[in-house]
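Here are my notes on the model, as promised. Have it open while you read, and go through the points in order.

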Amino acid sequence: MSNKIHPPVYSPISKWIHWITALLVLMIIPGGIVMIRLQEGQLQNQIFDLHRSFGVTVFALAILRVTARHFFGTPAPLESLTPLERRASVGVHHTLLALLFIMPLLGWLMTSAYRVDVSVFGLFTLPHLMPQSEPIYNALAATHKTLGLVMAGLILTHIGAAIMHTFIKRDGVLQRMLPTRR
Ligand code: HEM
């Protein structure tokens, strides 16, 4: 048993970070899949720049999110969850949280290996994390792609669970994350 004190709902900052991150990731994944299939040119470069900039934003929000979790805590799992549902939800949430760090870091590393600058909305440029290397770029790009698909699958599972709790179990799981509920 943990001695942690659990608030009844997520903190307002955690809720806003959750929904802004959700919106960004729901743009970044389909955007990433489309951008690599476009013809090389200005449009593709612009979408690559946006992909990297929003990806870095997700990384910054992930750091804020973990900080907010540390200071404000997270609500305890609902009593209505079976032990299996509880384990599944904690597993999905923790894996998604880890991917919010891993995906941007992989993107930053592979862009460094390709020797392209990561310019964040044209405001500043991140330093290169490693020397140029085509084999490393290829390996990192393949990992970024595979984990992107894993992330898409987990997000669909997460959304499916939220819909099931809202319309079938009606146990208020989604309400704990809504900014309107205090
Ligand atoms: C949450 C953050 C991110 C997610 C979910 C994500 C997801 C994706 C996805 C799904 C693709 C398409 C993969 C494919 O179909 O081959 C992609 C491609 C790509 N991403 Fe990301 N990405 C993220 C962050 C970043 C960041 C921060 C950077 C760079 C700083 C980056 C750089 C790239 C590049 C360069 C490609 C093209 C790879 C290639 O040439 O095959 N990504 N990303």
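1. The largest nonpolar core comes to 11 residues: Ile17, Val25, Ile28, Phe54, Val58, Leu61, Ala62, Ala68, Leu99, Leu100 and Met103. Helix 1, helix 2 and helix 3 are the elements that give two or more residues to this core, and helix 2 gives the most, with five. A nonpolar core here is a set of buried Ala, Val, Leu, Ile, Met, Phe, Trp, Tyr and Cys residues joined through C-beta atoms within 7 Å. Buried is 20 or more other C-beta atoms within 10 Å of a residue's own, exposed is 12 or fewer, and partly exposed lies in between, with C-beta atoms placed from the backbone.

2. Before going on, keep in mind that this is a predicted model: local features need pLDDT of at least 70, side-chain atom pairs count only at pLDDT 80 or more, and totals for chains, interfaces and linings use all residues. Residue numbers start from 1 along each chain as its sequence is written.

3. The overall layout: the protein chain has four helices and two strands, in the order α-α-α-β-β-α along the sequence. Helices (H or I, at least four residues) and strands (E, at least two) are DSSP runs, numbered from the N terminus. The C-alpha atoms fill a box of roughly 50 × 30 × 30 Å along the principal axes. Of the 182 residues, 16% count as buried. Among contacts between residues at least 6 apart in sequence, 71% join residues at least 24 apart; a contact is two residues whose C-beta atoms, placed from the backbone, lie within 7 Å.

4. Helix 2 has 31 residues and reaches 44 Å from first C-alpha to last, close to the 45 Å expected at 1.5 Å a residue. The expected span is 1.5 Å times one less than the number of residues. Its buried residues are Arg52, Phe54, Gly55, Val58, Leu61, Ala62, Arg65 and Ala68, and the cover over them includes helix 1, helix 3 and strand 1. Threonine 67 also lies in helix 2, but is partly exposed, with 13 other C-beta atoms within 10 Å. After helix 2 comes glycine 73, with a positive phi near 75°.

5. Helix 3 deserves a look along its axis: there is a bend of about 30° at leucine 99, taken as the angle between axes fitted to the seven residues ending there and the seven starting there. Even so, helix 3, with 31 residues, reaches 44 Å from its first C-alpha to its last, close to the 45 Å expected at 1.5 Å a residue. Buried residues of helix 3 include Leu99, Leu100, Met103, Pro104, Gly107 and Trp108. Helix 1, helix 2, strand 1 (118–120), strand 2 (124–126) and helix 4 are among what covers the buried residues of helix 3.

6. Why does proline 104 count as buried? Because proline 104 has 23 C-beta neighbours inside 10 Å. Leaving out residues up to four places away in sequence, proline 104 touches Gly55, Val56, Val58 and Phe59. Methionine 103, leaving aside neighbours within four places, is in contact with Gly55, His144, Leu147, Gly148 and Met151.

7. On the ligand: of the 23 residues around it, Gly32, Gly55, Gly107, Lys145 and Gly148 come nearest. A residue is near if its C-beta atom, placed from the backbone, lies within 6 Å of the molecule. Helix 1 (12–35), helix 2 (42–72), helix 3 (83–113) and helix 4 (134–169) each supply at least two residues of this shell, and helix 3 gives the most, with six. The shell divides into 14 nonpolar, seven polar and two charged residues. Nonpolar covers Ala, Val, Leu, Ile, Met, Phe, Trp, Tyr, Cys and Pro; charged is Asp, Glu, Lys and Arg; the others, Gly among them, are polar.

8. Finally, some backbone angles to check. Phenylalanine 121 has a positive phi near 50° in the loop between strand 1 and strand 2, and counts as exposed with 12 C-beta neighbours inside 10 Å. Arginine 170, in the segment after helix 4, has a positive phi of about 45°.
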